[in-house]
Amino acid sequence: MSATPASTPAIALKGVSRRFTDPGGGEVGVRTTDLVVPQGEIHGIIGFSGAGKSTLLRLANLLERPDAGEVIVHGQNLTRLSAAGLRQARHRIGMIFQHFNLLHNQTVAENVALPMRIAGASPAHIKKRVATCLDFVGLAAKADVYPGRLSGGQKQRVAIARALAPEPHVLLADEPTSALDPRTTLDLLDVLADANRQFGVTILLVSHEMEVVRRLCHRVSVMEGGRIVEQLDIANGAIPEGSRLASWLADFGAVGPAASPSPTQSEAAAPAPHHFALEAAHA
């Protein structure tokens with residue numbers, strides 16, 4: 001697969017940083033870092049636990065506001081927007097979470113409709129768009145089903161449909177396959193690749209799983225210690241010899257950084273339910 005370059009990047013993080021103090025008193029997060037993702041690209045972020053991957057991803061729509069630096073999405077500087085302007089800009093930035101974040105007292109169709117309802121879309125447009133997105137992810141027959149009756153893979157498909165419903169320019173995916181079995185993971189990667197091809201949506205994806213990045217991404221950024229230390233073109237699925245990533249694979253096997261210890265709380269904990277409405281609105 002190949003990305004479509006454009007003069008204005010889909011995402012440009014310029015000198016961003018975001019620091020936290022862990023329970024032991026150490027500093028974690030993102031050190032001063034740049035990242036440019038061209039329009040139409042599927043860009044992976046990979047690294048060991050605590051490297052700052054999820055924090056970097058959440059800077060791209062200001063779910064985490066940077067301590068310093070600028071976040072520019074499709075030419076719009078999010079860090080300079082008013083609160084109302086930022087809410088409007090986020091309508092074009094979809095987000096997929098690791099643990100689905102579906103409302104279990106609402107049907108599949110109602111979950112997909114949620115960000116459009118928050119944005120004030122008309123009922124007619126919502127109905128049409130929900131049908132389109134559920135058909136795209138292969139769940140048209142499940143529109144009136146509640147999430148409790150779905151498999152993990154189906155729940156993540158609903159989450160993808162919800163993220164695509166507002167017709168975003170950019171899709172952020174935080175470990176979207178880590179809770180799924182290998183076969184279901186491959187199916188979900190096909191859905192994301194189709195979204196990129198059919199809708200031209202740019203995807204920025206965090207994963208611990210090397211095979212996810214290898215199968216899906218055009219390029220990959222490798223993170224260590226809160227910084228991007230390497231960027232590689234992997235559109236053909238090959239990892240360049242002599243790269244930091246190739247060294248990881250030699251040391252840890254085919255799964256690469258997935259062989260690292262369990263993610264830290266800040267990287268992998270499921271978002272608290274009371275944050276859902278806020279994050280759904282942002283998505």
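Hi everyone, one definition before we start: buried means under 20% relative accessible area, exposed over 50%, and partly exposed in between, using a 1.4 Å probe and protein chains only. What you see is a predicted model, where local features need pLDDT of at least 70, side-chain atom pairs count only at pLDDT 80 or more, and totals for chains, interfaces and linings use all residues. Residues are numbered from 1 along each chain as its sequence is written, and side-chain values use heavy atoms, with hydrogens and water left out.

Let's begin with Leu 62. Its phi is near 65°, a positive value in a residue other than glycine. Leu 62 sits in the loop between α1 (53-59) and β4 (68-73); helices (H or I, at least four residues) and strands (E, at least two) are DSSP runs, numbered from the N terminus. And is Leu 62 buried or exposed? Buried, with a relative accessible area of 5%.

Now Phe 100, also not a glycine, with a positive phi of about 75°. You'll find Phe 100 in the loop between β6 (93-96) and α3 (108-119), and Phe 100 is buried, at 14% relative accessible area.

On to the sheet. Six strands form an open, mixed sheet in the order β6-β7-β8-β3-β9-β10, where pairing takes at least two bridges found by DSSP between two strands. At the edges are β6 and β10 (227-233), each pairing on one side only.

Inside that order, β3 (residues 42-47) and β8 (residues 202-206) pair in the parallel sense over four bridges. Which residue of β8 is the bridge partner of His 43? That is Leu 204. Thanks, everyone!
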